[in-house]
Amino acid sequence: MLRQGRSAVQVSHELEVITTEYLQDASLVSEHAGRHRAIPAINVYTTIKGRLHIRLGNVGGTVQKSLKSSALLPPSCSHIVQPSQAPSGFRGGSLSSNTVHTLNAQNVRRAQRLPEIDSELASLLHSRMREVGGALLQGQSETEEARQRKIDRMAAVRQHEESSTPNLQETSSSMRRKEDRVQHSQDLRLIEAYRKRCKAEGITNMLSKAITTTHTLYATLGTAEFFEFVLKNPFNVPQTVTIECDDPELSVIVKAEEWRYFKDLTKTSTPLEAEMFHLKDSGPTPQVYLRPKESVYIPLKYQTFLSGHALPSQDRSSSKNANSLQFIHRQQSNTVLAKSIKVFFRAEDGQPLAICQVNVEPSPHVVDQTFRFYHPELTFLKKAIRLPPATDSPPDGSASLQVRCSDPGVICHAAAMAPGEPQDIYLKVPGAANPQIKKFFITVFIDPWLASPAQTWQVYVHYLQRMDVVCVCGTLSWHSLILRGTQVIRKVKCYTSHPLELEVDPGEVFALPAQGLQDIRLGVRALRSGSSFRYLNVVDVDTRQLVAAWLLCITCKQPLISRAFEIQVPVGGGRGSNKKISFTNPYPSSRGFKLYSDHPDLLQFKEEHFQTAGGESYSIGLRFAPSQSPGSEEILIFINDLEDKNEETYCVKVIYR
């Protein structure tokens, strides 16, 4: 949203809140009742639950001239990584603490105590002398109160020793000095061994920096990031270079067809050599032969499908290479794992010729569609998502559909179909306990080398307790549910997906005892026949946390139609029509009745409750909503008693002319 020179701009949007409904037609159920292998069709349609109003604004502010534009924008997207020809590494610098903040941070090293650098070494040191930092480390780990008590106790001991006989005091002081010298000598030998062990490692790390080239990738879920690393043989003799990388998401492209595809895709005009790589011992490690002083382009590809709840834990080596707090912040705000990967190019003697360090920076991806499934707990979810046939596929059908899932525990594959036919993507998701929610992503590819996903889907699976309900259309039936308490007492409230068809007792906020059982009464009054799914959620009103959830599988039977009417309603005009139908009380005494309709959007009653004497007739006032198009619709009118038991059902066929 651009301001175009103005101080501030804003825009308002009105978005529809849409939910997916599943309804199985009763006529189809009866047709398939005698067939064991036939599967009744389920109608899937969307309904608008409400509208969301959003207001966005862009307010200008003062420009910070101290910031550089290069620090705000990512570097240019270059697909060729060229190692620096100039020597690099530690170039020296002052170790004084006075100039440590004024000089370049890459050229400055501050001297530190060895126990402060290595905690393992600090735990092995037993000297009581402050020169080795023992007292400093002890003071840092203790509270001020405990430290003061120890100082007072030591002062009392010294006062007691001074008041003792001179010979005993001299003997005790001599033994203490001798013990300190012995402990000091042991600590010095331990420190010397530590320095010898770390010296070679420090020199190796410093030399490795001189041959390390850093490249940054801004990766998104499922998108392949392609780049070429320029590798040169610095020796005067031929070398067979082995390319090693511990991360499976970063690989070397060894196939010439795949290499050519990515070069054309990224418009990289560098030489391509077929059959350049061969696999070491028929394994996954590629090797390349280099002549003296020869330079070649090594094609590398980074691609990840792990995201969201399927992120693996990093090992210790990768966590040491990055600042943990910075990496954790980036992993929380993105879906792709931020990490640092090293690729080693080793010569025949095993020493590295070059090192390419790839820093992966996560970038958010676009979600094309979101699927939300409600499934019974602890059972496998098996679904098939059908895609229409591709219109731009080649006639030979070479562009096959391929899918990948961000969760390794989810089985996802696409069935091979003939060209011109719709394709199905099959999912098999393991179950979980109520009320857990599983989230994962599915990337759909149509290119042969999985370069970029054509679509990215976000899938939510809500696991609920299942309850099967069989009822008669228009009749209120009550059922009992058992709600188990958690570790602590909670204030909870029940919410239903269809308040017009479901009633809950208690309907207000109530206290759920800890580790206790609470009986919940559920009233079901389905207005349409067939099989449908409804949902009941129990939510903590204080923390807004979902405590329990039920999946209600309702099978509603068609009631017995006692009378049928046919009414004509004019089309257009913007005004509804008023009609009347008669009802006779079949009982000898006065009774009260309630009126319901399976289409409350099309039919409203003048009085939803009425009282009539025994054997007398009552005129039911009907008001039909206006229609702008001709057609017909069958509307059921349910006449129930005060206990919501169905007495009679009328069928009104409305013809709009």
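**Ground rules.** The model is predicted, so I took local features only at pLDDT of at least 70 and side-chain atom pairs only at pLDDT 80 or more, while totals for chains, interfaces and linings use all residues. Residues are numbered from 1 along each chain as its sequence is written, and side-chain values use heavy atoms, with hydrogens and water left out.

**Entry 1, salt bridges.** I counted 16 salt bridges, a salt bridge being a side-chain nitrogen of Lys or Arg within 4 Å of a carboxyl oxygen of Asp or Glu. I then looked up individual pairs.

Arg 51 pairs with Glu 14, with 3.5 Å between the closest N and O atoms. This pair links distant parts of the chain, since Arg 51 is in strand E2 (residues 42-59) and Glu 14 in strand E1 (residues 8-24), 37 residues apart. For strands and helices I used DSSP runs numbered from the N terminus (helices: H or I, at least four residues; strands: E, at least two). For burial I used relative accessible area: buried is under 20%, exposed is over 50%, and partly exposed is in between (1.4 Å probe, protein chains only). Arg 51 is partly exposed at 46%, and Glu 14 is partly exposed at 48%.

Asp 247 and Lys 339 form a salt bridge at 2.7 Å, N to O. Here too distant parts of the chain are linked: Asp 247 sits in the loop between strand E6 (239-245) and strand E7 (250-252), and Lys 339 in strand E11 (residues 339-346), 92 residues apart. Both Asp 247 and Lys 339 are buried.

Asp 540 and Arg 490 form another salt bridge, with the closest N and O atoms 2.7 Å apart. Strand E25 (residues 530-540) holds Asp 540 and strand E21 (residues 490-496) holds Arg 490, so the pair links distant parts of the chain, 50 residues apart. Asp 540 counts as buried because its relative accessibility is 5%, and Arg 490 counts as buried at 15%. I also noted a network in which salt bridges with shared partners join Glu 503, Arg 525, Lys 594 and Asp 644.

Which residues form the positive surface patch? I found Arg 158, Arg 176, Arg 177, Lys 178 and Arg 181. Helix H7 (residues 166-210) gives the most to this patch, with 4 residues. Arg 176 is in helix H7 and is partly exposed, with a relative accessible area of 36%.

The patch rule takes residues with over 30% relative accessible area and no salt bridge, joining like charges within 9 Å and nonpolar side chains (Val, Leu, Ile, Met, Phe, Trp, Tyr) within 5 Å. Lys and Arg count as positive and Asp and Glu as negative, with His and the chain ends not counted.

Leu 15, Val 17 and Leu 52 make a nonpolar surface patch of about 240 Å². Leu 15 belongs to strand E1 and is partly exposed at 41%.

I listed the buried residues of helix H8 (residues 256-266) as Ala 256, Glu 258, Trp 259, Phe 262 and Lys 263. They lie on the same side of H8, because they cover an arc of only 160 degrees around the axis; the arc is that of the directions from the helix axis to the C-beta atoms. Exposed Glu 257 and Asp 264 are on the face of H8 turned away from its buried side.

Most residues other than glycine have a negative phi, and most peptide bonds are trans. I noted the following exceptions.

Asn 434 and Pro 435 are joined by a cis peptide bond with omega about 0 degrees. Pro 435 is in the loop between strand E17 (423-429) and strand E18 (437-445). The bond from Asp 505 to Pro 506 is also cis, with omega near 5 degrees, and Pro 506 is in the loop between strand E22 (502-505) and strand E23 (510-512).

Leu 378, not a glycine, has a positive phi of about 60 degrees. Leu 378 lies in the loop between strand E13 (369-376) and strand E14 (381-387) and is exposed at 63%. Gln 515 has a positive phi near 55 degrees. I placed Gln 515 in the loop between E23 and strand E24 (517-524), and at 54% relative accessibility Gln 515 counts as exposed.

Note on methods: Accessible areas come from the Shrake-Rupley method with a 1.4 Å probe; for residues, only the protein chains shown count as cover. The place of a charge is taken as NZ of Lys, CZ of Arg, CG of Asp or CD of Glu.
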